[in-house]
Amino acid sequence: EERGLTVTINTTEDCNLRCAYCYEICKKNVSLEFEKYTKFIDLLLNSAENFETFEKNKFYKQGLIIDFIGGDSLIDPDFLDKCLTYLQEKLLTTNTPVANYWKWHWVCSISSNGTLFTPKAKAFMNKWQKKLSVGVSIDGCPEIHDKYRVFPDGSGTMSKILEDWDWYCNWAKDSHSGKPSIKATLSKASIPYIYESLKYVYETLKMDIFQCNFIMENM
């Protein structure tokens with residue numbers, strides 16, 4: 001199914017967690033420079049190659065999806081707000097085929113760890129709610145989730161996620177996606193917990209879709 005042109009932008013290498021299976025093992029407090037972001041957006045909207053592709057490829061005509069990743073992008077919601085504000089302003093003021101179409105057909109997606117719904121993050125999410133989809137990474141029941149998804153001190157994160165879970169679910173119902181979304185990262189050690197994880201996700205988190213990715217490493 002065609003969803004549109006997805007542009008993935010890594011806004012930061014920083015993260016507040018230290019998940020055991022994370023491949024970004026040397027996390028740094030380094031973020032994308034705003035000037036590099038604006039230069040890329042300008043290139044995206046003004047490239048003649050994009051005009052030609054737009055005219056020939058209906059994929060472009062599905063719209064533009066800005067996908068913010070990290071680290072965890074919600075660690076700096078002010079920067080995300082600045083980025084989306086610039087994008088919206090450039091779409092409204094740039095007279096090119098892609099900009100003229102995408103100004104009415106663009107959304108933003110973010111995948112977060114569920115522990116960063118701070119007052120600033122909530123304000124950002126409320127401001128862009130109709131243009132925003134946010135998914136939360138949850139690995140299943142607390143027994144397996146808290147084994148891998150941990151804070152720097154090694155403590156599990158599920159209890160922190162649950163603090164704002166009802167808020168997130170209510171917010172997601174009025175967001176661009178129209179529903180909350182979770183994605184699990186599973187390892188070999190997760191297999192014995194799959195039944196309990198499905199039960200937990202359905203009965204406690206009230207989710208009926210459980211997307212999973214398996215890692216290949218022996219953990």
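Let's start with lysine 122 and aspartate 164, whose side chains meet in a salt bridge at 2.9 Å, N to O. By salt bridge I mean a side-chain nitrogen of Lys or Arg within 4 Å of a carboxyl oxygen of Asp or Glu. This is a predicted model, so local features need pLDDT of at least 70 and side-chain atom pairs count only at pLDDT 80 or more, while totals for chains, interfaces and linings use all residues. Residues are numbered from 1 along each chain as its sequence is written, and side-chain values use heavy atoms, with hydrogens and water left out.

Back to that pair. Lysine 122 sits in helix 5, and aspartate 164 is in the loop between helix 7 (158-163) and helix 8 (165-173), so the bridge links distant parts of the chain, 42 residues apart. Helices here are DSSP runs of H or I, at least four residues, and strands are runs of E, at least two, numbered from the N terminus. Is aspartate 164 buried or exposed? Aspartate 164 is buried, at 13% relative accessible area. The cut-offs are under 20% for buried, over 50% for exposed, and partly exposed in between, with a 1.4 Å probe and protein chains only.

How many salt bridges turn up in the whole structure? A search finds seven. Another one joins the side chains of aspartate 78 and lysine 120, at 3.0 Å, N to O. That pair also links distant parts of the chain, with aspartate 78 in helix 3 (residues 77-93) and lysine 120 in helix 5 (residues 119-127). Aspartate 78 is partly exposed at 43%, and lysine 120 is exposed at 53%.

Then there's glutamate 203 with lysine 199, where the closest N and O atoms are 3.2 Å apart. Both lie in helix 9 (residues 194-203), four residues apart, about one turn of the helix. Glutamate 203 comes out partly exposed at 42%, and so does lysine 199, at 34%.

Now, the helix packing. The axes of helix 1 (residues 34-46) and helix 2 come within 6 Å and cross at roughly 50°. Axes are lines fitted to C-alpha atoms, for helices over the stretch in contact, with angles from 0 to 180 degrees between N-to-C directions. The two helices are therefore oblique to each other: under 35 degrees would be roughly parallel, over 145 roughly antiparallel, 65 to 115 roughly perpendicular, and the rest is oblique. Leu43, Leu44, Leu45 and Asn46 in helix 1 meet Ala48, Asn50 and Phe51 in helix 2, where contact means heavy atoms within 4.5 Å.
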